[in-house]
Amino acid sequence: MLIHPNPDPVAFALGPLKIHWYGLMYLVAFTQFILLGRYRLRLPHVAAKGWTREHIDDMLFYGVLGVVLGGRLGEVLFYGLPYYLEHPLEILMVWKGGMSFHGGFLGVLIAMALWARRANMHLADVYDFIAPLVPLGYAAGRIGNFINHELPGRLASPDLPWAMIWPGQALPVHPSPIYQALVDGVLVFFILWWFASKARPRLAVGSLYVILYGCTRFLTEYFRTPDYEVNVLGLTISAGQMLSFPMIIAGGVLMLLAYRNAPPTSKSA
């Protein structure tokens, strides 16, 4: 059994300005977006679509806005609306309460649609390009949650070698942010990176990410203390599972359409 290291959420201070680890994890996420994006430019099927470094930089600017605005609004609307109505100033404190992935996901979809229109790029190509760049950024965010000792897991057996005593709790729990960083983030990245290494039908890569994240998040939610739960047809599901299930369905439908509408040469890729 392990003990949560409970590090100081503040990485360092510059006078009155405090730099939080959670914020630095977002910097890591945005940096890896640029680096992995530039690596993808080397792939022949990616370069053939005319992608450039300037495109990546521009998309990052729009993506940052989508992640921050969508993620924070999603956290407020999906997980804590009554609380934030009573404490509206805390909406701006992104290091307190964090960000909602599903809100950030929707924010990025909207931001990329705006950028694609401005850059005269096909929206499906944009989604396919950025999809493999997302999972490791997500993993960095979950590490930030762990440092902030947020998102504690459900009770775990003391015999589980990695069961962890969470700050403020007496009984061991599953370290759910680590689970989600490894499964929803790293595992999804490797699968998606392999899939995107070859030419696929338009929107297939983006669709696969939606499917993979929806499935892995639905699974890892079983180990995380739910923000709240609902009863659907006699089954109890968490808020995260409720938000992830539509992703699985939508991703599956989009994947079918991607392969059905692909030219014959793309279907065998």
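In what follows, Ala, Val, Leu, Ile, Met, Phe, Trp, Tyr, Cys and Pro count as nonpolar, Asp, Glu, Lys and Arg as charged, and the others, Gly among them, as polar. The model is a predicted one, and by these classes the lining of its largest pocket has 26 nonpolar, eleven polar and one charged residues. Nearest the centre of the largest pocket lie Val-67, Phe-101, Phe-105, Val-108 and Val-134. Two or more lining residues come from each of α1 (21–40), α3 (53–79), α5, α6 (123–130), α7 (135–147), α9 and α10 (239–260).

The second largest pocket has Lys-49, Asp-128, Arg-200, Pro-201 and Arg-202 nearest its centre, and its lining divides into 15 nonpolar, three polar and seven charged residues. Here α2 (44–47), α6 and α10 each supply at least two residues.

| Pocket | Volume | Lining |
|---|---|---|
| Largest pocket | about 790 Å³ | 38 residues |
| Second largest pocket | about 410 Å³ | 25 residues |

Two helices named above for the largest pocket, α5 and α9, also pack against each other: α5 (residues 101–119) and α9 (residues 204–220) form an angle of about 170 degrees, with their axes 13 Å apart. Because angles over 145 degrees count as roughly antiparallel, α5 is roughly antiparallel to α9. In this contact Phe-101, His-102 and Phe-105 of α5 meet Tyr-209, Val-210, Tyr-213 and Arg-217 of α9, and the residues involved comprise five nonpolar, one polar and one charged.

Terms used
Residues numbered from 1 in each chain as written. Predicted model: local features only at pLDDT ≥ 70, side-chain atom pairs only at ≥ 80, totals over all residues. Heavy atoms only, no water. Axes fitted to C-alpha atoms, helices over the stretch in contact; angles between N-to-C directions. Helix = DSSP H or I, 4+ residues; strand = E, 2+ residues; numbered from the N terminus. Parallel < 35°, antiparallel > 145°, perpendicular 65-115°, else oblique. Contact = heavy atoms within 4.5 Å. 1 Å grid on protein atoms, 1.4 Å probe; cavity = no way out; pocket = protein on both sides within 12 Å on 5 of 7 lines; lining within 4 Å. Points joined across faces, edges and corners; volume = space filled by probe spheres on them.
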